[in-house]
Amino acid sequence: MFYTKEVAGVGTVQDHRNKYTENKEILETLFDAANKKHCNWIATICFYTVVHMVEAKMAKEQNLHSHSHKEREEMMYNSGLFSAKVLQMYKQLESNSRTARYLPDNISPTIANQMQGYVQKIEKEVST
């Protein structure tokens with residue numbers, strides 16, 4: 001089921017923009033992929049930065065709001081708002097974020113830098 005902004009618990013376009021901005025500032029000021037200690041955090045924040053970009057675009061363009069990662073992914077594929085390139089980068093960001101959060105593997109500085117690049121590429125295509 002897809003939700004509109006009238007449903008309790010979903011953010012507005014501006015709410016998502018604010019979270020996106022906050023996450024982006026953290027990436028740009030607190031973390032450096034050269035510092036191997038923080039690459040797992042970079043992976044996680046990159047993914048959630050993009051989550052809020054995507055949510056803001058769906059809310060603005062089609063009044064769509066998700067309550068889960070699965071639901072968001074379905075909306076992204078079905079809305080027609082996102083290119084195949086963005087969808088592919090989103091899936092890679094999500095996968096790396098899950099690795100960083102739940103698996104014993106660590107995200108390498110190379111992957112963390114790649115993920116930061118994905119954020120910038122998605123930002124150019126998706127900005128609302």
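So, E94: you'll find E94 in helix 4, residues 84-102. Helices here are DSSP runs of H or I with at least four residues, strands are runs of E with at least two, and both are numbered from the N terminus. Before I go on, the housekeeping. This is a predicted model, so local features need pLDDT of at least 70 and side-chain atom pairs count only at pLDDT 80 or more, while totals for chains, interfaces and linings use all residues. Residues are numbered from 1 along each chain as its sequence is written, and side-chain values use heavy atoms, with hydrogens and water left out.

Back to E94. Is E94 buried or exposed? E94 has a relative accessible area of 5%, so it is buried; the cut-offs are under 20% for buried, over 50% for exposed, and partly exposed in between, with a 1.4 Å probe and protein chains only. And what does E94 touch? Ignoring neighbours within four places in sequence, E94 is in contact with F47, H69 and E73, where contact means heavy atoms within 4.5 Å.

A pair of aromatic rings is described by the distance of the centres and the angle of the planes. The rule I'm using takes rings of Phe, Tyr and Trp (its six-membered ring) with centres within 6.5 Å; planes under 30 degrees apart are stacked, over 60 edge-to-face, and the rest tilted. By this rule we get two aromatic pairs. F47 and Y48 have ring centres 4.9 Å apart and planes at 70°, so that pair is edge-to-face. F47 also pairs with Y90, and this one is tilted, with 5.5 Å centre to centre and 55° between the planes. F47 sits in helix 2 (residues 39-62) and Y90 in helix 4, so the pair ties together parts that are 43 residues apart in sequence. Put together, ring pairs link F47, Y48 and Y90 into a cluster. As for burial, F47 is at 0% relative accessibility, so it counts as buried; Y90 is buried too, at 1%, while Y48 comes out partly exposed at 24%.

Okay, zooming out. If you take contacts between residues at least 6 apart in sequence, 66% of them join residues at least 24 apart. The chain exposes about 7100 Å², and carbon and sulfur atoms supply 50% of that; the areas are Shrake-Rupley with a 1.4 Å probe, and for residues only the protein chains shown count as cover.

Now the core. By nonpolar core I mean a set of buried Ala, Val, Leu, Ile, Met, Phe, Trp, Tyr and Cys residues joined through side-chain atoms within 4.5 Å. The largest one has 30 residues, and V50, F82, L93 and I122 touch the most other members. Helix 1 (13-29), helix 2, helix 3 (69-79), helix 4 and helix 5 (109-126) each put in at least two residues. The largest share, 11 residues, comes from helix 2. Leaving out neighbours within four places in sequence, F82 is in contact with V54, K57, M58, M76, L87 and V126.

Helix 2 has 24 residues and reaches 34 Å from first C-alpha to last, close to the 34 Å expected at 1.5 Å a residue; the expected span is 1.5 Å times one less than the number of residues. Why call helix 2 largely enclosed by the rest of the structure? Because 19 of its 24 residues are buried. K60 is in helix 2 as well, but K60 is partly exposed at 46%. The C-alpha atoms of K60 and Q14 are separated by 9.4 Å, with the two residues 46 apart along the chain.

Last stop, the loop between helix 2 and helix 3. Just after helix 2, N63 takes a positive phi of about 55°. Most residues other than glycine have a negative phi. N63 is in that loop and is partly exposed at 24% relative accessibility. S66 lies in the loop between helix 2 and helix 3 too, but S66 is buried at 11%. The side chain of S66 makes a polar contact with the side chain of E55, at 2.2 Å. A polar contact is a pair of N or O atoms within 3.5 Å; within protein, one must be able to donate a hydrogen and the other to accept it, and residues adjacent in sequence count only if both atoms are side-chain atoms. Beyond four places in sequence, S66 is in contact with E55, E71, R72 and M75.
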